[in-house]
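Have the structure open while you read.

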Amino acid sequence: SGSPSGASPLALGTTTTTVTVTASDGVSVRTYAIAFDRTSANLAGLSASAGALQPAFEPSELNYGVGPSALLAATTITAMAVDPSATIRINTIPVSSGLPSFQIVLAPVSMTPVTVEVTTRDGASRTYLVAFNRTLAGQEAYVKASNTAAADQFGYSVALSGNTLVV
């Protein structure tokens, strides 16, 4: 009829649509199969065992941080691809989508960058970066009472509960 068809949703993977063409004589008919191959290099989820990502995960955001804080010496990363046929590499090492990675050693009192690369079967790729910041590991604190007087003496024992220090 020369008119466009309605929209057809395309799921990830291969979707085949048939098109039937009738000649102007009204008798001759040909049917064609058209295959659409849709892929995605996005992640559906990203997390680290060492702590919460900052900012919170959003597939379009490529850069994240964890810390600064007294993080553990190692972490794992769990990355889940939107496209089940995509491959994921963490620091160039292949990992399974949706499963924790190998242990990643974090540099002491420093930054450790970790790359998460998602590659589709047609070669498109996207790289996410997670920077782990352990700069507060081993930090010392200077503690001073807020209500001191001239004749006060500093205590002999210390107790810590949450954010409260008692001397």
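## Ground rules

This is a predicted model, where local features need pLDDT of at least 70 and side-chain atom pairs count only at pLDDT 80 or more, while totals for chains, interfaces and linings use all residues. Residues are numbered from 1 along each chain as its sequence is written, and side-chain values use heavy atoms, with hydrogens and water left out.

## The sheet

Let's start with the strands (DSSP runs of E, at least two residues, numbered from the N terminus). Five of them make an open, mixed sheet, in the order β4-β11-β10-β7-β8. At the edges sit β4 (63-66) and β8 (93-95), each pairing on one side only. Pairing here means that DSSP finds at least two bridges between two strands. On average, neighbouring strands in this sheet are turned by 25 degrees against each other, direction ignored; the angles come from axes, which are lines fitted to C-alpha atoms.

Zoom in on β7 (residues 87-90) and β10 (residues 111-119): they run antiparallel and are joined by 4 bridges. I88 stands opposite V118 in β10.

## The aromatic rings

The structure has 2 aromatic pairs (Phe, Tyr or Trp rings, the six-membered one for Trp, with centres within 6.5 Å; planes under 30 degrees apart are stacked, over 60 edge-to-face, the rest tilted). One of them is F57 with Y128, a tilted pair at 6.4 Å centre to centre and 45 degrees between the planes. F57 lies in the loop between β3 (43-48) and β4, and Y128 in strand β11 (residues 125-133), so the pair ties together parts 71 residues apart in sequence.

Ring pairs link F57, Y64 and Y128 into a cluster.

## The core

## A glycine in β3

G45 is found in strand β3. Its C-alpha atom is separated by 5.0 Å from that of M80, 35 residues apart along the chain. Leaving aside neighbours within four places in sequence, G45 is in contact (heavy atoms within 4.5 Å) with F57, T78, A79 and M80.

Key
Axes fitted to C-alpha atoms, helices over the stretch in contact; angles between N-to-C directions.
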